[in-house]
Amino acid sequence: ASAQNKTMRQQWQHMHSAKKEALTAFQNDRFGMFIHWGLYAIPGGIWKGKKMEEMGVPNVAEWIQLVARIPRQEYADLANKFNPTRFNADTIVLMAKHAGMKYIVITAKHHEGFAMYRSTASGFNIADATPFKRDAVTELYQACKRHGLAFGLYYSHNIDWADGADAQYQETKAINDKKGLPTDSFGANLWDPGKNSFQQYLDKKAIPQVKELLAKYPDLKCIWFDMPGLMTPAQSFRFYKTVYQQQPQIIITQRIGNNMGDYDIPGDNKIPDQAAEFALPWETVGTLNNSWGYKSYDNDWKSPGELLYWLVEIVSKGGNYMLNIGPAADGSVPAQAAANLKAVGQWMQVNSEAIYNTRRYSITHEGPSNLRMDNTEQRQKEGFTLSITPEDFWFTQKNKTVYAIALKAPENRQVTVKTLSIKNRTITRVELLGNGPLPFTQHDNGLHFILPEGPDYTHGFVIKTTGR
Ligand code: FHN
């Protein structure tokens, strides 16, 4: 059955033109905004005076319910306090748009099981269970329409600490125990088991919620399923089919489980190896500090320069970058997050044509690869320091045009791009983005030109080359 499901899934993907077009549009967009927002924004990484670090799990503030083993009811009561009066969908959507992002994906429901939209399938939702009473997902959906961004949803289909993941764990464990096999308890609510079976959770909550989301938002870009855990192929397929039957154009993350998705996610904060070739389009998701959900005391913000580094590193390798914000419990976006996105946007304003609609060039980047970007500590442990030199170039391609991206300009403004030597390609025109055509020469050892005086080279420059 599993092989059959997979084959059916693949046929759909290959046969349906709407799905194909959606995947191309997705690859053209290249840069999007992820939003992790839920009740976990209230503790913001601290429970009863204890920080995530003291409880043994430093990042992922959205995991506090599991990390602090908060009883179901006590956690659910956070809803009574959730009143994000500073939430403004237009502000957030414009923040994404001005950063150069083309789409937004928000957590309709994260592992905590709380819906950020008005749900008929579960009263544990923002409109029915909080003093706020508004439907945040719908407001963002409408704002995206107003400002021309595509819209997608994250949905935690397997882990649900309010209603489900524990049941799946208990059931799988019972089967495995008989066979003498171990069972991975990762992500299961083991501290306060619920009453429903996993099947009940699927039938009464998860599938109905996915269906109602599909009905509420008739033109979704993607559904970002996450963490399949112990799900069987049949269970993953049920989600895939549910989405496909209602909206065949929706593209689905590989994290739906059992290899049934339409696009790959290399890993959280993970840029794939230079040599990695994916059969499917792919997207790296990344954090601005070290947490997806709001973490009140985390100030390890990636600088604009570093964010640009990740953007070009990913796009030059042929992937998408979806960068996350974690709004606070009052609905505001941390000031440093907003400022850093704005700086990225200033670069994008001049250089975005080297990002949008591009594909991987035969040479992607002369420099380090296979990088992680979790946090400063992790990066240091792995011996990665962000050093960008004027010798670093990233490349992207659009038909006969090749872009060379530098994030640092040489002091004397004399540039050599080795990769663009006459041996590789004959160039007929060179243009400095945001400026204009440049005189150049091309030799065996590369392309040479002098940067004009005047432009701001704080974050380097991009050249557009046309040739044969
Ligand atoms: O457990 C989640 C985590 O909270 C966050 O949502 C990330 C985003 O990719 N996904 C899971 C971990 O991989």
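Biologist: How many Å separate the centres of domain 1 and domain 2?
Modeller: 38 Å, with the centres taken over C-alpha atoms. Domain 1 is 2-263 and domain 2 is 360-467, bounds that come from an automatic or database domain assignment. Keep in mind this is a predicted model, where local features need pLDDT of at least 70 and side-chain atom pairs count only at pLDDT 80 or more, while totals for chains, interfaces and linings use all residues. Residues are numbered from 1 along each chain as its sequence is written.

Biologist: How many bridges join strand 5 to strand 6?
Modeller: There are 3, between residues 150-155 and residues 222-225, and the two strands run parallel. Leu-153 sits opposite Ile-223 of strand 6.

Biologist: Switching to the core. Which residues touch the most other members of the largest one?
Modeller: Ile-104, Ile-106 and Leu-140, out of 134 residues in that nonpolar core. Helix 10 (residues 304-316) gives the largest share, 8 residues, and domain 1 and domain 2 each supply at least three. By nonpolar core I mean a set of buried Ala, Val, Leu, Ile, Met, Phe, Trp, Tyr and Cys residues joined through C-beta atoms within 7 Å. Buried is 20 or more other C-beta atoms within 10 Å of the residue's own, exposed is 12 or fewer, partly exposed is in between, and C-beta atoms are placed from the backbone.

Biologist: What does Ile-104 touch?
Modeller: Leaving out residues up to four places away in sequence, its contacts include Met-33, Val-93, Leu-140 and Phe-151. A contact needs C-beta atoms, placed from the backbone, within 7 Å.

Biologist: Now the ligand. Which residues are around it?
Modeller: Val-60, Glu-62, Trp-63, Asp-226, Met-227, Asp-268, Val-285 and Trp-292. To be near, a residue has its C-beta atom, placed from the backbone, within 6 Å of the molecule. By class that shell has 5 nonpolar, no polar and 3 charged residues. Nonpolar covers Ala, Val, Leu, Ile, Met, Phe, Trp, Tyr, Cys and Pro, charged covers Asp, Glu, Lys and Arg, and the others, Gly among them, are polar.

Biologist: How do strand 11 and strand 12 run, parallel or antiparallel?
Modeller: Antiparallel, joined by 5 bridges, and Phe-395 has Ala-404 in strand 12 as its bridge partner. The two strands form a hairpin with 2 residues between them. Strand 11 (residues 394-398) also runs antiparallel to strand 10 (residues 359-365), with 3 bridges, and His-365 is opposite Trp-394.

Biologist: Where is Arg-413 found?
Modeller: In the loop between strand 12 and strand 13 (414-417). Arg-413 has a positive phi too, about 60°, and is partly exposed, with 15 other C-beta atoms within 10 Å.

Key. Two strands pair if DSSP finds at least two bridges between them. Helices (H or I, at least four residues) and strands (E, at least two) are DSSP runs, numbered from the N terminus. Two residues are in contact if their C-beta atoms, placed from the backbone, lie within 7 Å.
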